[in-house]
Amino acid sequence: MDTEEHTALREAVAALGRRHGRESDTTRLWSEAGKLGYLGVNLPEAHGGGGGGIRELSIVLEELGAAGCPLLMLIVSPAICGTVIARFGTDAQKQEWLPGLADGTRLMAFGITEPDAGSNSHRITTTARRDGTDWLLTGRKVFISGVDIADATLIVGRTEDARTGRLKPCLFIVPRDTPGFSRRPIDMELNAAEKQFELVLDDVRLPADALVGDEDAGLLQLFAGLNPERIMTAAFAIGMGRHALAGAITYARDRSVWNTPIGAHQAIAHPLAQAHIELELARLMMQKAAALYDAGDDMGAGEAANMAKYAAGEACVKAVDQAVHTLGGNGLTREYGLARLIAASRVARIAPVSREMILNYVSHQTLGLPKSY
Ligand SMILES: Cc1cc2nc3c(=O)[nH]c(=O)nc-3n(C[C@H](O)[C@H](O)[C@H](O)COP(=O)(O)OP(=O)(O)OC[C@H]3O[C@@H](n4cnc5c(N)ncnc54)[C@H](O)[C@@H]3O)c2cc1C
């Protein structure tokens, strides 16, 4: 499925990943990957990007993950925020943000999740009201990644006259130090460089040009960013699953406690083979979703991106679980670095849309079954 260019990109990023490895300094890796042009492969060439698509960006994230050094903010900064600005931003917004997002010198976080809405984005209450030509934004967000290192956060709100009913989202760029925009880190049991934050927006005053796209464009604009997010989360999960599996395979080849390496026992070998098959299958669906998205088929990409995220999340959780088990006691030591993936792999099952919400989507959108909620 990879073209020659894809293979070359995959190999080059894998080599970068191997140089950094699982103890890598995320800031240094981000900066180096940016200089090499990997962070903006999906963004338009006219604005400093590589002119490719989410397919290429997913290769970058998958390969870094497979090397044990995934860059979580790739899901958010170039994939969601870069895409939304490239597709719906004004020329001025594109000029201001895209070159920096492409070379990694600037970073943008993305905030949609709210404490009282959770999976039900139609219930978000972050509200924008006009004050002259300015906007005043008020609300709360939770679990927002990387707000401390991001120059700005793309906040999903709704306008005052669309406060209830089906979500008519509108998107605002909120610079990190805007008065009234505060953050509190959430104490997560995750061993990752990127932190999650609870945000409070208290009458945050924004100029008219903080709005990205049309305040009435509705869900289309939002999904322009959310489909890449799902595809990239699949890449994150597949990379992590491959990383865990590789560690388990090496161990299973070397470790002998009877007469043969433990990898010769089918109880060890078969689950690893299954994990490999499931990761490969998930990657196929991810490639389908990316191909549809990059071809401009937002609707078709929606279903495939959900299925890819589901398949990759499940494959990742199983691969990590089996990898830890393969190492016996060493599966839980810091030295082998697998136990910390137990929590990390669960992120792919929960975020950005949970396994159950994808099953709901497929049940009624694809299978035509009645809705339960
Ligand atoms: C590490 C991490 C990073 C994140 N980064 C970001 C970020 O950068 N930006 C951002 O906006 N958000 C981010 N999130 C938030 C993430 O998208 C949400 O956690 C996710 O959407 C689930 O929402 P929730 O946690 O409120 O769970 P809830 O919606 O409360 O769901 C709890 C459980 O109930 C189930 N459930 C809910 N409704 C139904 C239903 N109708 N049918 C069946 N089951 C249901 C869910 O599947 C889940 O298992 C992040 C989360 C994590 C863990």
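Which domains does the domain assignment of the protein give? The structure is a predicted model, in which local features need pLDDT of at least 70 and side-chain atom pairs count only at pLDDT 80 or more, whereas totals for chains, interfaces and linings use all residues. Residues are numbered from 1 along each chain as its sequence is written. The assignment, with bounds taken from an automatic or database source, gives domain 1 (4-106), domain 2 (109-212) and domain 3 (219-366).

The unreviewed UniProt entry annotates residues 3-104 as "domain: Acyl-CoA dehydrogenase/oxidase N-terminal"; UniProt positions are given in the numbering used here, feature names are shortened, and annotations may be inferred rather than shown by experiment. Over residues 3-104 the chain is 68% helix and 0% strand, helices (H or I, at least four residues) and strands (E, at least two) being DSSP runs numbered from the N terminus.

Between domain 2 and domain 3, the C-alpha centres lie 29 Å apart, and nine residues of domain 2 are in contact (C-beta atoms, placed from the backbone, within 7 Å) with eight residues of domain 3. The side of domain 2 that touches domain 3 has six nonpolar, two polar and one charged residues, where Ala, Val, Leu, Ile, Met, Phe, Trp, Tyr, Cys and Pro count as nonpolar, Asp, Glu, Lys and Arg as charged, and the others, Gly among them, as polar.

Technical notes
Contact = placed C-beta atoms within 7 Å.
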